[in-house]
Amino acid sequence: MTEAIKRAGKRAAEGGATVVPEAMAWDSRARRAVLLYLPLACFVFILLFPFYWMAITAFKPNAELYDYKTYNPLLIAKPTLDHVRKLLFDTAYLRWLLTTMTVAVSATILSLTASALAAYAIQRLRFKGSQYVGLAIYLGYLVPPSILFIPLATMVYRLGLFDTPFALILVYPTFLVPFCTWLLIGYFKSIPYELEECALIDGATRLQILRRITLPLALPGLISAGIFSFTLSWNEFIYALAFIQSSEKKTVPVAILTELISGDVYQWGALMAGSLMGSLPVAILYSFFVDYYVSSLTGAVKE
Amino acid sequence: MTTTTAPRWTPVRTEGRWLVRLFDWKPFLLFVCMLPAAGLLLTFLTYPLGLGIWLAFTDTTIGRSGQWIGVENFEFLLSDRLFWQAVFYSVFYTSVATLGKFGLGLWLALLLNNHVPFKSILRAIILLPWIVPTVLSAIAFWWIYDPQFSIISYLLVDRLGVADKYFDFLGSTWPARWSLIAANIWRGIPFVAISLLAGLQTISPSLYEAALLDGSTAWQRFRFITFPLLLPILAIVMTFSIIFTFTDFQLVYAITRGGPVNSTHLMATLAFQRGIPGGNLGEGAAIAVSMIPFLVFATLFSYFALARRKWQQGESND
């Protein structure tokens, strides 16, 4: 996949030079190439190179991996699936993937439900001080997990949830709900109030309005919030590291870092294969919903 | 849009059932709607925040609830060289990385704001480093920084002949610190660039046309149009960026775990090391709590220093 993206990037950089730029008198073609396409190509190269390196290491046999003299390290002479096979059958990788998926999906559903209801109450039901409640929820987003993980660890321990994925499902909403609520408030704001008034006149109850009008119209917002929450939960690290101890209950990012690195010899092939496969679910989701990601990212910032 | 949904309703109000009426009673409905979010946030965000501050004044360890010991934890930290080193590196890491991210991110945003072919594909590619789990890309950087098989060393030494021996990126204090900052900048550029690009696209082209007619230079157009109009969004993005860079944990933990000889500990990784594997929850909490003043200061500074312009223009503060 990285290859294809890289090719596309290169094509973009090369093809661009032949396109006649917008008619601005002083923008000569050479100048444009140096000032625009060259830096852009550098950016794309640097931003993508680690992924290329990750992918190429994952499919390289060990003989090539540690011998730069006879083989060109930037290419693969004999691609192999050894590292992937080792990962899938000699470690609990599939298990970790399953745990991560369960945690991410459950946390997403939980936060999405809570946020949609809260955003509806704040933006549409409107009560005294609803603005301040919205602001308070937003401020929750500014509290970083690094400050919370120690007290949360003691709480999780006392609740008897230590070393269970359930703890993660309950804790992840702390950073998902503020974000989703803020995003959904913005979406609800864009839905005309008249639609709800019409429904009220027609005799719909508040809940019917929420279910039949507001939520369907806010569907793009819900998708944005959903995929964003999924990505954030998939990528979460510090809570998963602090709350989960037994090997088979770990999430992918934690497991790769703590389980695959054994002793002094790093299995770089397997490590890179694990990283690549651990990134794939979010990368695939991302490729389908790029526009939603961009809109939620920029929407959250602009609000 | 109404025509698709409207005909499905029964036009009579479903009366009689008490449950339906209860849910139409506004105070109750409000309560039900706010309950899940408020419950989750109060239990797992507000309470732990208070608990963390309380823990910082106790000698709690794992498995034993502690006694109130006043400011003893902080007194100990004040005389702890490692703590001050972590404070220094956190501040250094945040300032250099933020500078790098915003410099390069703004540049990339300005580049993308031109007419470029395949712009949407480019934008999608550029956001990739930000989507992929940080720990996993950090592991890739760890491999790139390998002392023996670093691809950067290979390219510079064996291919280009610029340097004569392989770099030891993570083996000593300052190279390790700069390597971590580089990885953080790499990961931060996409977020800054795409957010600022969104800001750039809201600037009206007619302003540039007017400036062109007045004979302005490219620098003047940037300095007097782009930059001032970008400031409000820049302030918000910077606040976020500073907060999450200062409290960064994953990157350092994944690449160096604070080494070599504890020289790359950030406050967050030090708090983790003392608190969870070390077992001194009280001391770990004290380190975590010490981050709060820095965060408040950084937030206020970036917000008020940069966002003031918005009030000056007479816009509302939403």
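## Ground rules

Residues are numbered from 1 along each chain as its sequence is written, and chains are lettered from A, with ligands numbered from 1, in the order in which they are written. Because this is a predicted model, local features need pLDDT of at least 70 and side-chain atom pairs count only at pLDDT 80 or more, while totals for chains, interfaces and linings use all residues.

## Overall build of chain B

Chain B has 15 helices and zero strands (DSSP runs numbered from the N terminus: H or I of at least four residues for helices, E of at least two for strands). Its C-alpha atoms fill a box of roughly 80 × 70 × 40 Å along the principal axes.

The radius of gyration of chain B is 26 Å, whereas a compact globule of 318 residues would come near 20 Å (taken over C-alpha atoms; the globule rule is 2.2 Å times the number of residues to the power 0.38).

## Two domains

Chain B is assigned domain 1 (16–55) and domain 2 (81–312), with bounds from an automatic or database domain assignment. The C-alpha centres of these two domains of chain B lie 36 Å apart.

## Meeting chain A

Here, 83 residues of chain B are in contact with 89 residues of chain A (C-beta atoms, placed from the backbone, within 7 Å). Helix α3 (residues 26–55) of chain B gives the most to this side, with 16 residues.

By residue class, the side of chain B that touches chain A has 65 nonpolar, 13 polar and five charged residues (nonpolar: Ala, Val, Leu, Ile, Met, Phe, Trp, Tyr, Cys and Pro; charged: Asp, Glu, Lys and Arg; polar: the others, Gly among them).

Notes:
Two residues are in contact if their C-beta atoms, placed from the backbone, lie within 7 Å.
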